Amino acid sequence: MKETIKDPWIKIGYDIFANEGPKGLKIELLARKVAKNKSSFYHHFADIEVFTDQLLAYHLTQSKAIAVDAMNCKAIDPDLIHLLIKVKTDILFNRHLRIHRDNPVFKKCFIEANRPVEEALLPIWTAALGLNTKKNLAKIILNLTIENFYLQVTDTNLTYEWLVSYFDEIKKMVVAMEISN
């Protein structure tokens with residue numbers, strides 16, 4: 001895909017949003033990081049709201065690409081875990097959408113971004129948890145896990161070791177639920 005003149009703004013804005021959330025999107029900071037003047041920002045985006053809308057559109061495109069990659073994962077460990085590490089910025093961006101879901105636009109984007117990824121993950125998730133005959137239960141646990149994941153994940157703990165431990169805890173919970181039934 002050919003890079004446009006707006007792409008450096010979007011990529012830097014995406015990183016800032018992923019690390020600081022919407023409060024980090026300051027035109028002066030963006031301009032400094034892109035090495036352009038503020039008037040260049042206004043030429044391309046008019047205002048921060050238009051810019052944010054384009055960041056959200058970019059995020060939705062990213063989530064569709066992640067879903068395609070997730071469909072190719074054969075197992076949670078190592079395939080999915082390596083994918084999650086590779087898309088760390090996208091995960092952190094999505095985390096801020098979840099945190100700021102009181103904003104209806106962010107909530108809508110969070111839901112839309114998660115939908116294709118969840119659908120792509122469900123088969124591998126169901127198999128990993130041994131819930132092949134209980135797909136509805138697997139989907140409920142996946143949704144709860146995603147909510148919990150975004151409460152816990154940070155830039156520093158999104159590592160291979162943390163993800164292995166996190167998924168192991170989910171598996172233990174499912175085994176304990178199965179035993180109690």
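**Close-up 1. The largest cavity has a volume of about 350 Å³.** A cavity here is a set of points on a 1 Å grid over the protein atoms alone where a 1.4 Å probe fits but cannot get out, and lining residues have an atom within 4 Å of a point. Grid points are joined across faces, edges and corners, and the volume is the space filled by probe spheres set on the points. Of the 21 residues that line the largest cavity, Leu84, Val117, Leu121, Phe149 and Tyr150 are the closest to its centre. Please keep in mind that this is a predicted model, in which local features need pLDDT of at least 70 and side-chain atom pairs count only at pLDDT 80 or more, while totals for chains, interfaces and linings use all residues. Residues are numbered from 1 along each chain as its sequence is written, and side-chain values use heavy atoms, with hydrogens and water left out.

Close-up 2. Helix 7 gives the most, with six residues. By class, the lining has 14 nonpolar, five polar and two charged residues. Here Ala, Val, Leu, Ile, Met, Phe, Trp, Tyr, Cys and Pro count as nonpolar, Asp, Glu, Lys and Arg as charged, and the others, Gly among them, as polar.

**Close-up 3. The second largest cavity has a volume of about 30 Å³.** A search of the whole structure finds two cavities of 30 Å³ or more. Lining the second largest cavity are Ile66, Ala70, Leu80, Leu83, Leu84, Val117 and Leu121. Helix 4, helix 5 and helix 7 each give two or more residues to this lining, and the largest share, three residues, comes from helix 5. The lining counts seven nonpolar residues, with no polar and no charged ones.

**Close-up 4. The second largest pocket has a volume of about 190 Å³.** A pocket, in turn, is an open set of points with protein on both sides within 12 Å along at least five of seven lines. Helix 7 (104-128) and helix 8 (135-152) each supply at least two residues of the lining, and helix 7 provides the largest share, six residues. Look for Phe110, Asn114, Arg115, Glu118, Glu119, Leu122, Lys139, Leu142, Asn143, Ile146 and Glu147 around this pocket. Sorted by class, the lining has five charged, four nonpolar and two polar residues.

How values were computed. Helix = DSSP H or I, 4+ residues; strand = E, 2+ residues; numbered from the N terminus.
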